[in-house]
Amino acid sequence: MDAVERENADRQKRWAKEQKVGEGTYAVVYRGREVATGRRIAIKKIKVGQFKDGLDMSAIREVKYLRELKHQNVIELLDVFSSKTNLNLVLEFLDSDLEMIIKDRSLVFLPADIKSWMAMTFRGLEFCHRNHILHRDLKPNNLLIASDGQLKLADFGLARDFADPGHKMTCQVITRWYRPPELLLNSRYYGSNVDIWSVGCIFAELMLRTPYLAGDSDINQLDTIFRALGTPTEQEWPGHTKLPNWHQPSTTYPKTPLRDLFTAASADTLSLLGKCLVYEPRKRISALEALNHPYFFAIPYPTHPSKLPRCAAQLASRAAEEAEGGDIDKMSTGPGVKAAEPNNRKRKLTSPEEFRVRSIARKLDFTKQANSP
Amino acid sequence: MSNRPGYGGWLQGKTVRKGGASSSHSNTRSSTPHVQSTSSTIFGGGIKDPSGRVTEYSSMEDQCPVCKSDRYLNPKLRLLVSSCYHKMCESCIDRLFTLGPAPCPICSKVLRKLAFQPQTFEDLEVEKEVAIRRRLAKEFNKRREDFDDLKEYNDYLQEVEDIAFNLINNIDVPQTEAKIANYKAANAALIALNIQREEAYALALREQEDLDRREREARAAQLVQEAEQERLEREREQNELITKLETSQKDAKKLVAKARASQQKRLSARTTEKSSVLGGMGFGMDYAKLLKARTNKAKTSIPDEPHVPLQDDWYGYEDLYVLRPSYDDIFSEAVRKDREGIMRAGGYMVEEAWNRALRSAVAGLELEPLVGLPLEPSSEPTIDTAGDVVMASV
């Protein structure tokens, strides 16, 4: 056992894995605790075995950038360790996201709440941009909410650093509804302004409580944008007709003032929203400029994070957690736990035989349950 | 067209494409195919919404069951529904029924051309049920007041429901129709009376809406007036303050503070007045209650603080360098010349790259150099304070 292995084992011992909370395309997320303090954490186990070409790109991106970023409004990567062939990222545990909150119809948003979320989003984004990192996948689903109400940017699986002059970047990034027009036109040279467009869409979504620019397909998305904001003119966005994917649209939509849709919004609000959704990327407001926009300084002041609306589901899960929290033994080996202790790992490695026996035992358990009442 | 999601169009009585080719129902906002009639006949009837218009259902998968023509072959395809609730396209209707009544090609019930109506609902069962219920509601319009006790009323409702069920499911249709006719004859006077009552109620509702609208307008006018008054008052105070500052011997700071305090007082008085007015109207009860609950909670907990753009001092040493508008930089030449203009259109900014290079160059300048540390290399990898393994220290 060399030094690196020993170090890895040491790190692994610091974190206890609990039940599975979610599964994505390339990772499984578990809930867990820091053994020493009992602090709640999330462990993102990257599935390596399934990818023939080695570690998934997004995992590399996530580690590479999150390792560097420490900010109140960016999810914190606490540790990275490997178990067998898997890579594990230890992240801070955040139990809800903005999408859940937007969809929860029992919640009422005050203008001040939206202001507060926007300020936190821009702060997090400004931090990424000042460190020369593009997030490239901003959407309500990736804005997580901590238990104290702080909003944090998460999922840096598509992030990258600013490209050097003349270097191409991929345009297949950002979830469709939040993707800016220049990416839809397959521009390979873009900058931090792509994230601003996404934030603008999120801003609108917070007010509308439904996705603002929801296109059915990549082609339809551009049409949706033009329908909402008017077809851009050469004057408004110089050079856009030369972008690779540009086709002269059959219909030109007129400009409709944002006021028509956002009837209740203040002039400041619409001014900031309008500046985020400018067609010409270079004219789009930067995160730093946005933070100094009069919208944020106007009355009402942004809601204090601790008072922001939160999901009923989130509150319930927290309550349950706290209720049972007292008697959870941090070292106990529940069904989901593995890789907590060395001997535990060994048992996993022994043979597939044992695994089969265990699964049979579980099956019997189920039938018994079904028959008993 | 409005940018609002799907529901707006339906309420406004526009032609709305429901279902259709796309899978995501909540987000279909693609342009709606306009139904263009190819027939000379104008088909009336159909399910009218409160504004008296008929919303027509059409989808990309429409196909005429008679001639098998579909929307792909014939974009102008318009399907209509017969009184026996079978669909067919306009050209089939023209072909089959122009020469007078003919049997339906599907169920062979004898139909006339005018028995066809536009379709509103995707499901024809729903279409039929809505039509039947609308018809019944016109005649079976007794109210609770028309009965002595609840039981009788419930029996009546039960009977109406039975009739509706029979008609919808084609059970004993002749008997049911006879029943309806009997009822109609027996209750003609009461039916007419109830229709009158309905109309009176609708009228009252409209008047109420009118009243509300006028009230809102008055309130808006008042707000404008108030703002004007506020402006005048502020101006007056400003002038007063200036004259006072000119003439009085008192400390200028005190005078300004006093003026500001009085202004603040006036403002807060106005806002409380306004909020008490707002509380009573406008939003639904639930909304008002929720808001009230939130404001109550807000009072007891931490107050909201004014916005601070950044909560750290990152830009504190921005003065270590100044970004010039342009640099002599061979690497970015292509971008700056940008023959096709695509880098500008795409939003790539050379400034961001320059800024990055400059910041990287100056970022470490303020760090104290490491002096006085032992220089002998340690034999084993060590772990630094941040928990990172130091593989080699030089």
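In this predicted model, the crossing of H4(B) and H5(B) is left-handed, and that makes a handy place to start our walk through both chains. The contact brings together Tyr156(B), Glu159(B), Ile163(B), Asn166(B) and Leu167(B) from H4(B) with Val173(B), Thr176(B), Glu177(B), Lys179(B), Ile180(B) and Tyr183(B) from H5(B). By class, the residues of this contact are six nonpolar, two polar and three charged. H4(B) spans residues 150-168 and H5(B) spans residues 173-186; they pack at about 140 degrees, with axes 9 Å apart. The two helices are therefore oblique to each other.

On the H3(B) side you will find Arg135(B), Leu136(B) and Glu139(B), which meet Glu177(B), Ile180(B), Tyr183(B) and Lys184(B) of H5(B). This contact divides into three nonpolar, no polar and four charged residues.

**A helix pair in chain A**

Which way do H4(A) and H6(A) run relative to each other, roughly parallel or roughly antiparallel? Helix H4 of chain A, residues 111-130, packs against H6(A) at about 170 degrees, with the axes 11 Å apart. An angle over 145 degrees counts as roughly antiparallel, so H4(A) and H6(A) are roughly antiparallel. H4(A) contributes Ile114(A), Trp117(A), Met118(A), Thr121(A), Phe122(A), Leu125(A) and His129(A), while H6(A) contributes Asp195(A), Ile196(A), Val199(A), Phe203(A), Leu206(A) and Met207(A). Ten of these residues are nonpolar, two are polar and one is charged.

Here are the helix pairs side by side:

| Helix pair | Angle | Axis distance |
|---|---|---|
| H4(B) and H5(B) | about 140 degrees | 9 Å |
| H4(A) and H6(A) | about 170 degrees | 11 Å |

**The sheet of chain A**

Chain A holds an open sheet of five strands in the order E1-E2-E3-E5-E4, with antiparallel pairing. Strand E1 (15-23) and strand E4 (77-83) stand at the edges with a single partner strand each, so one side of each has no neighbour in the sheet. From one strand to the next, the twist averages 30 degrees. E1(A) and strand E2 of chain A, residues 27-34, run antiparallel and are joined by six bridges. Within E2(A), Tyr30(A) stands opposite Lys20(A).

Two helices pack on this sheet. Helix H1 of chain A, residues 3-14, touches E1, E2 and E4 of chain A, and its direction makes about 120 degrees with that of E4(A). Helix H2 of chain A, residues 57-66, touches strand E3 (40-46), E4 and strand E5 (86-92) of chain A; the direction of H2 makes about 45 degrees with that of E5(A).

**The sheet of chain B**

In chain B, an open sheet of three strands has the order E4-E3-E7, again with antiparallel pairing. Strand E4 (87-89) and strand E7 (117-118) are its edge strands, each pairing on one side only. Strand E3 of chain B, residues 79-81, pairs with E7(B) over two bridges in the antiparallel sense. Val81(B) has Gln117(B) in E7(B) as its bridge partner. Helix H2 of chain B, residues 90-97, lies across E3 and E4 of chain B and runs at about 90 degrees to E4(B).

**Backbone details in the loops of chain A**

Two spots deserve a look if you are checking backbone geometry. Ile299(A) and Pro300(A) are joined by a cis peptide bond, with omega about 0 degrees. Pro300(A) lies in the loop between helix H10 (294-297) and helix H11 (312-325) of chain A. The other spot is Arg209(A), which has a positive phi of about 65 degrees although it is not a glycine. Arg209(A) is placed in the loop between helix H6 (193-208) and helix H7 (218-229) of chain A.

**An annotated stretch of chain B**

Finally, an unreviewed UniProt entry annotates residues 213-244 of chain B as a "coiled-coil region". In the model, that span is 100% helix and 0% strand, and its end C-alpha atoms lie 46 Å apart.

Notes. Residues are numbered from 1 along each chain as its sequence is written. Chains are lettered from A and ligands numbered from 1 in the order in which they are written. This is a predicted model: local features need pLDDT of at least 70, side-chain atom pairs count only at pLDDT 80 or more; totals for chains, interfaces and linings use all residues. Side-chain values use heavy atoms; hydrogens and water are left out. Axes are lines fitted to C-alpha atoms, for helices over the stretch in contact, and angles run from 0 to 180 degrees between N-to-C directions. Helices (H or I, at least four residues) and strands (E, at least two) are DSSP runs, numbered from the N terminus. Angles under 35 degrees count as roughly parallel, over 145 as roughly antiparallel, 65 to 115 as roughly perpendicular and the rest as oblique. A crossing is left-handed if the near helix is turned anticlockwise from the far one by less than a right angle, and right-handed if clockwise. Contact means heavy atoms within 4.5 Å. Ala, Val, Leu, Ile, Met, Phe, Trp, Tyr, Cys and Pro count as nonpolar, Asp, Glu, Lys and Arg as charged, and the others, Gly among them, as polar. UniProt positions are given in the numbering used here, feature names are shortened, and annotations may be inferred rather than shown by experiment. Two strands pair if DSSP finds at least two bridges between them.
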